[in-house]
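Visitor: Please take one part of this model and go through it closely. Plain terms will do.

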Amino acid sequence: ISVLVTACPCALGLATPTAIMVGTSVAATSGILVKGADALERAGALDVVVFDKTGTLTTGSPTVTAFIASQVETLDQIISLVVCVEKDSEHPIAKAVRDYARRQSPSEIPSNLKSDVQNIPGQGVCCVVNGKSVALGNEKLMQERNMRQLSEEISKFVTEHEESGKTVVYVGVQGVVEGAFAVSDELKSDARETVTALRERGIESIMVTGDNLKTARAIARACGIEIIHAEASPTDKVNIIKELQSKRSPRAKDEFKPTSVAMVGDGVNDAPSLASADVGMAIGAGTDIAIEAADFVLMHADLYTVVRAIDIAQKTFRQIRQNYVWALGYNAVTLPLAAGAFYPSIKVSPWLASILMASSSISVVLASLSLTNKCAAPSRSPLRAIKLGQ
């Protein structure tokens with residue numbers, strides 16, 4: 001009877017679920033929603049974290065800081081076209097451009113005059129307004145639509161603002177670039193701290209954005225990211241994730257082990273890459289489709305929650321391994337005693353075996369509960385946005 005009672009695998013059965021329960025609970029109190037234990041396990045073995053730019057590394061509240069038109073006499077006409085084109089858009093940059101244009105526009109063009117609308121992911125939007133072909137988006141879109149940039153002033157405007165980290169939105173009308181907006185999106189104050197913390201944990205940070213290379217470099221320089229992929233479409237982002245996954249993990253020893261990649265994003269364009277990554281982390285303020293595709297939902301605007309999620313995952317599975325060591329160690333010691341290996345010097349009666357079995361289970365539960373203290377968030381300064389020029 002003592003052998004049967006002592007051999008009860010309660011501690012082994014409790015080792016994993018108790019630690020997972022406490023780990024996910026601690027994550028929830030930190031504003032991190034975990035969609036499954038497998039996601040928590042994968043997050044504890046990451047090699048690379050890929051960040052989107054707009055709304056992830058930046059605050060996601062862009063504002064238009066400047067506008068230029070190729071000809072002063074066409075300014076009102078361009079502004080009216082922009083309002084009409086971006087009227088129904090939900091993209092943060094499109095909203096910023098539309099709101100600015102509305103404040104400047106003397107009148108709005110009726111929506112029924114807009115037709116043949118094409119939303120090109122990662123580039124912009126094209127349509128026909130009142131018989132005129134209009135394109136609104138980045139430089140890649142202008143090139144693909146054969147928009148000829150004729151104004152030297154616009155070229156200087158673009159260079160000046162891109163080098164300072166601003167996003168330039170072009171306005172093309174009837175094959176000609178007629179104007180451009182400079183859009184500023186402040187970098188989150190903890191972006192550099194997050195990248196530094198990941199580097200200290202042996203995790204590489206990469207930025208993937210649909211923005212132009214100059215703007216991407218300025219943002220990456222500000223937050224300490226060395227590897228960037230600019231002008232990337234949603235399909236390009238997925239391909240970049242898969243390419244990273246095909247490489248050998250820097251943590252691998254002898255056998256080949258693929259690189260484990262996490263993607264952090266917030267928009268519709270990020271959803272495919274969030275689903276393709278080993279771990280998808282969606283900013284809670286992002287779109288529903290991005291949240292649906294992700295394994296983790298970061299409810300706070302604080303980017304450092306990415307580091308918190310990884311730390312909690314690592315400590316949770318470290319605790320699971322410790323629980324198994326304790327449970328197996330208990331069986332290795334008590335089973336020979338209960339079987340009479342040291343009888344008559346040591347005799348384990350059924351009631352004592354029951355106490356030993358219960359104490360092992362209680363010890364595993366208490367060890368799992370210690371995760372609450374082990375995963376306690378360090379004190380940090382409150383989140384605030386900073387400008388790239390600071």
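Guide: Two strands count as paired if DSSP finds at least two bridges between them. Strands (E, at least two residues) and helices (H or I, at least four) are DSSP runs, numbered from the N terminus. The model is predicted, and local features need pLDDT of at least 70, side-chain atom pairs pLDDT 80 or more, while totals for chains, interfaces and linings use all residues. Residues are numbered from 1 along each chain as its sequence is written, and side-chain values use heavy atoms, without hydrogens or water.

The part to look at is strand S8, with the sheet around it. S8 covers residues 176-184 and is mostly covered, with eight of its nine residues buried (under 20% relative accessible area, 1.4 Å probe, protein chains only; over 50% is exposed, and partly exposed lies in between). S8 belongs to an open sheet of six strands, which has the order S3-S8-S7-S6-S5-S4 and antiparallel pairing. The edges of this sheet are S3 and S4 (114-120); each has a single partner strand, so one side of each is left without a neighbour in the sheet.

In the sheet order, S8 stands between S3 and S7. On the S3 side, six bridges join S8 to S3 (residues 63-69), and the two strands run antiparallel. Isoleucine 68 stands opposite alanine 180 in S8. On the S7 side, the pairing with S7 (residues 167-173) is again in the antiparallel sense and runs over seven bridges. There, the bridge partner of tyrosine 170 is alanine 180 in S8.

The bridge partner of isoleucine 120 is glycine 124 in S5. Cysteine 126 counts as buried because its relative accessibility is 5%. The closest cysteine sulfur to that of cysteine 126 is in cysteine 127, at 7.7 Å, which is too far for a bond. A search of the whole structure finds zero disulfides (pairs of cysteine sulfur atoms within 2.5 Å). Cysteine 223 is buried too, because its relative accessible area is 1%.

For context, there is also an open sheet of seven strands, in the order S1-S14-S13-S12-S2-S10-S11, and its pairing is mixed. Its edges are S1 (32-34) and S11 (227-229), each with a single partner strand, so one side of each has no neighbour in the sheet. Within it, strands S13 (residues 279-283) and S14 (residues 296-298) run parallel and are joined by three bridges. Alanine 282 stands opposite valine 297 in S14.

Asparagine 323 lies in helix H14 (residues 305-338) and counts as buried, because its relative accessibility is 2%. Beyond its neighbours within four places in sequence, asparagine 323 is in contact (heavy atoms within 4.5 Å) with Ala15, Thr18, Ala19, Val364, Ala367 and Ser368.

For the chain as a whole, there are 16 helices and 15 strands, and 49% of the 390 residues count as buried. Among contacts with a separation of 6 or more, residues 24 or more positions apart account for 67%.
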